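Subject: Structure handover

Hello,

Here is the structure I promised to pass on. Please open it alongside this note. My findings follow below.

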Amino acid sequence: MASRTSTLRFFSLLISSFAIVQMAMAGDPDIISDFLLPANGTVDANFFTYTGFRVLIGGYPPSAFKVLKATLAEFPALNGQSVSYAVLEFPSGTTNPPHTHPRSAELLFLIDGTLEVGFIDTKNNLFTQTLQAGDLFVFPKGLVHFQYNADAQNPALAVSAFGSANAGTVSLPNTLFTTGIEDNVLAISFKTDVATIQKLKAGLASKP
């Protein structure tokens, strides 16, 4: 627990430096005011404060892969500011399945543990790396990428910064197998049979 607390303190120090980097990488439209007002038109310091990450302090690692987000949806003050965050918690042997972020690159900082990461470019080249605590890795905007904690004993903790208040996430397994695409289309595309596609769909549907 002491190790987890110390790494979370280190994570909090990194937040401020990441914010500076991400402002330089901003991908959202520029605004012509200091900030965008909420619907009621009034703000105080509470509007610019997000407390959703407090659950990390002194908490226990989850039993399954978990993402905590601070995006436009959770933190409305980010509207127009071209920055957002996600904290990624990986129990041993878990993965963040292949996905894309259509509106931003992702800059991942590994706080604790190890991660196998990778992305595929538009020429179908695969770039992979084994990250150690303290490493940074960038996933270019819009490209398919993944993270995997291959350590059978220890969890991993990472924070990702985005140059958009709403980077978006397109999960390949969910997009392909839970959105109603016809079984025959998928079977032909993956050069397999309908029965295999139905098994994949059933497996995803049974997960919480």
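Strand 3 gives the largest pocket the largest share of its lining, 5 residues. Please keep in mind that this is a predicted model.

The largest pocket

Start here. The volume of the largest pocket is about 830 Å³. Its lining is made up of 30 residues. Phe65, Asn96, Pro97, Ser171 and Asn174 lie nearest the centre.

What is the lining made of? By class, the largest pocket has 13 nonpolar, 14 polar and 3 charged lining residues.

Next comes the second largest pocket, with a volume of about 190 Å³. It is lined by 10 residues. Closest to its centre are Tyr50, Thr51, Phe53, Ala70 and Phe75. The lining of the second largest pocket divides into 7 nonpolar, 2 polar and 1 charged residues.

Ser164

Now look at Ser164. Its place is the loop between strand 9 and strand 10 (170–171). Is Ser164 buried or exposed? The relative accessible area of Ser164 is 1%, and buried means under 20%, so Ser164 counts as buried.

Which side chain does the side chain of Ser164 meet in a polar contact of 2.7 Å? The partner is Asp28. A polar atom of the Ser164 side chain also lies 3.0 Å from the backbone nitrogen of Asn166. Set aside the neighbours within four places in sequence, and Ser164 is in contact with Asp28, Ser82, Val83, Ser84, Arg103 and Ser104.

Two residues with positive phi

Asn124 has a phi near 65°, a positive value in a residue that is not glycine. You will find Asn124 in the loop between strand 5 (114–120) and strand 6 (126–132). The relative accessible area of Asn124 is 67%, and exposed means over 50%, so Asn124 counts as exposed.

Lys191 has a phi near 55°, again positive and again in a residue other than glycine. Lys191 sits in the loop between helix 3 (183–189) and helix 4 (194–205). Lys191 is exposed, with a relative accessible area of 77%.

Val43

Last, Val43. The loop between helix 1 (2–24) and strand 1 holds this residue. Val43 has a relative accessible area of 32%; that value falls between 20% and 50%, so Val43 is partly exposed.

How far apart are Val43 and Ala77 in space, C-alpha to C-alpha? The distance is 9.5 Å, with the two residues 34 apart in sequence. Beyond its neighbours within four places in sequence, Val43 is in contact with Phe35, Leu37, Pro38 and Phe48.

Best wishes

Definitions and conventions
Residues numbered from 1 in each chain as written. Predicted model: local features only at pLDDT ≥ 70, side-chain atom pairs only at ≥ 80, totals over all residues. Heavy atoms only, no water. 1 Å grid on protein atoms, 1.4 Å probe; cavity = no way out; pocket = protein on both sides within 12 Å on 5 of 7 lines; lining within 4 Å. Points joined across faces, edges and corners; volume = space filled by probe spheres on them. Helix = DSSP H or I, 4+ residues; strand = E, 2+ residues; numbered from the N terminus. Nonpolar A, V, L, I, M, F, W, Y, C, P; charged D, E, K, R; others polar. Buried < 20%, exposed > 50% of the residue type's maximum accessible area, 1.4 Å probe, protein only. Polar contact = N/O pair within 3.5 Å; in protein donor to acceptor, adjacent residues only side chain to side chain. Contact = heavy atoms within 4.5 Å.
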